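Subject: Structure for your review

Dear colleague,

Please find below the structure that I am handing over to you. I would be grateful if you would read the notes after it with the structure open.

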Amino acid sequence: DFSLGVRPVYFANLATRSLRVLSFLYAIRPLFFLATSLPGPSAKCVGPEEERLRPKSWGQVFTDFSLGADNCGDLDFSGHVSGFMCIVCIFYHYAPVLWHPHSRFVNIVRVLLIPYCLVLIGFILAAHNHYTVDVVTALFLAPGAWRLYYLECGEDPLPVTFLREYHQALAAGDEEGAEAMRRMTDEQVVVKTNGRCAAVAALAFVGVVCVFVAVVVSTF
């Protein structure tokens, strides 16, 4: 965990939340660009060159991965901007906790992220990789997905939630016992679970990473 601020930020929580949001965005992205039949803005996506780059069969669509660099259809919404906006959401969500009370540093980085985002968008549009609508959609959709995840799943879980005794105390209405366990240190939780929480967290993290990689690969 990272514990520069008033309370620690656990890497497993940060990575799990981020990868789940990214997996959701990359899972719905094919639905967007398959339903949006805009021609690509690049020069290679117009005229005879575009016809030459088209897959010759359905089998080639699913087997020839060399066509990814010459693809003209995955436009709305931008995957690059979505990924960057997720990084921005990570900073906005965790930085105030991680670096509290050093709020000046957090505010400086927040201000610097705005021109950096504009420069990134400018390069994407200048390279004719996307239309403006692709970028604008990603600017709203990625933070919206992050916010939706927060509203549905709430705050990051504490290590104590891996304890069977904690859930038993909640079920029995023993608020004092549950509060006492919430005040336990990470070392005390690990000792009490004999390392079970670390193993479960590791397996969950590996599972989320595998799902994310599979979703990303399927979009190429």
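The protein chain has a mean pLDDT of 75, and 75% of its residues reach 70 or more. Among the elements of the chain, helix H6 (residues 132-153) has the highest mean pLDDT, 87, while helix H10 (residues 196-218) has the lowest, 64. Where pLDDT is low, the predicted coordinates should not be read in detail.

Is leucine 25 buried or exposed? Its relative accessibility is 1%, and residues under 20% count as buried, so leucine 25 is buried. Setting aside residues up to four places away in sequence, leucine 25 touches Phe77, Ser82, Cys86, Leu141, Ala142 and Ala145. Glycine 83 is 58 residues away from leucine 25 along the chain, yet their C-alpha atoms are separated by 8.9 Å.

The next residue is serine 78, found in the loop that runs between helix H3 (58-63) and helix H4 (79-98). Serine 78 has a relative accessible area of 0% and is therefore buried. Apart from neighbours within four places in sequence, the residues in contact with serine 78 are Arg29, Ile124, His130, Asp134, Val135 and Ala138.

I turn now to the helix pairs. Two packed helices are described by the angle between their axes and the distance between the axes.

For helix H5 (residues 103-126) and H6, the axes come within 10 Å and cross at roughly 150°. Because an angle over 145 degrees counts as roughly antiparallel, H5 and H6 are described in that way. Their crossing is right-handed. On the H5 side, the contact is made by Cys117, Ile121, Ile124 and Leu125, and on the H6 side by Thr132, Val135 and Leu139. These residues comprise 6 nonpolar, 1 polar and no charged.

For helix H7 (residues 164-171) and helix H8 (residues 175-182), the axes come within 8 Å and cross at roughly 150°. H7 and H8 are therefore roughly antiparallel to each other, and their crossing is left-handed. Glu165, Tyr166, Ala169 and Leu170 of H7 make the contact with Ala178, Met181 and Arg182 of H8. Here the division is 5 nonpolar, no polar and 2 charged.

Yours sincerely,

A colleague

Conventions: Residues are numbered from 1 along each chain as its sequence is written. This is a predicted model: local features need pLDDT of at least 70, side-chain atom pairs count only at pLDDT 80 or more; totals for chains, interfaces and linings use all residues. Side-chain values use heavy atoms; hydrogens and water are left out. Helices (H or I, at least four residues) and strands (E, at least two) are DSSP runs, numbered from the N terminus. Buried means under 20% relative accessible area, exposed over 50%, partly exposed in between (1.4 Å probe, protein chains only). Contact means heavy atoms within 4.5 Å. pLDDT is the predictor's confidence in each residue, from 0 to 100. Axes are lines fitted to C-alpha atoms, for helices over the stretch in contact, and angles run from 0 to 180 degrees between N-to-C directions. Angles under 35 degrees count as roughly parallel, over 145 as roughly antiparallel, 65 to 115 as roughly perpendicular and the rest as oblique. A crossing is left-handed if the near helix is turned anticlockwise from the far one by less than a right angle, and right-handed if clockwise. Ala, Val, Leu, Ile, Met, Phe, Trp, Tyr, Cys and Pro count as nonpolar, Asp, Glu, Lys and Arg as charged, and the others, Gly among them, as polar.
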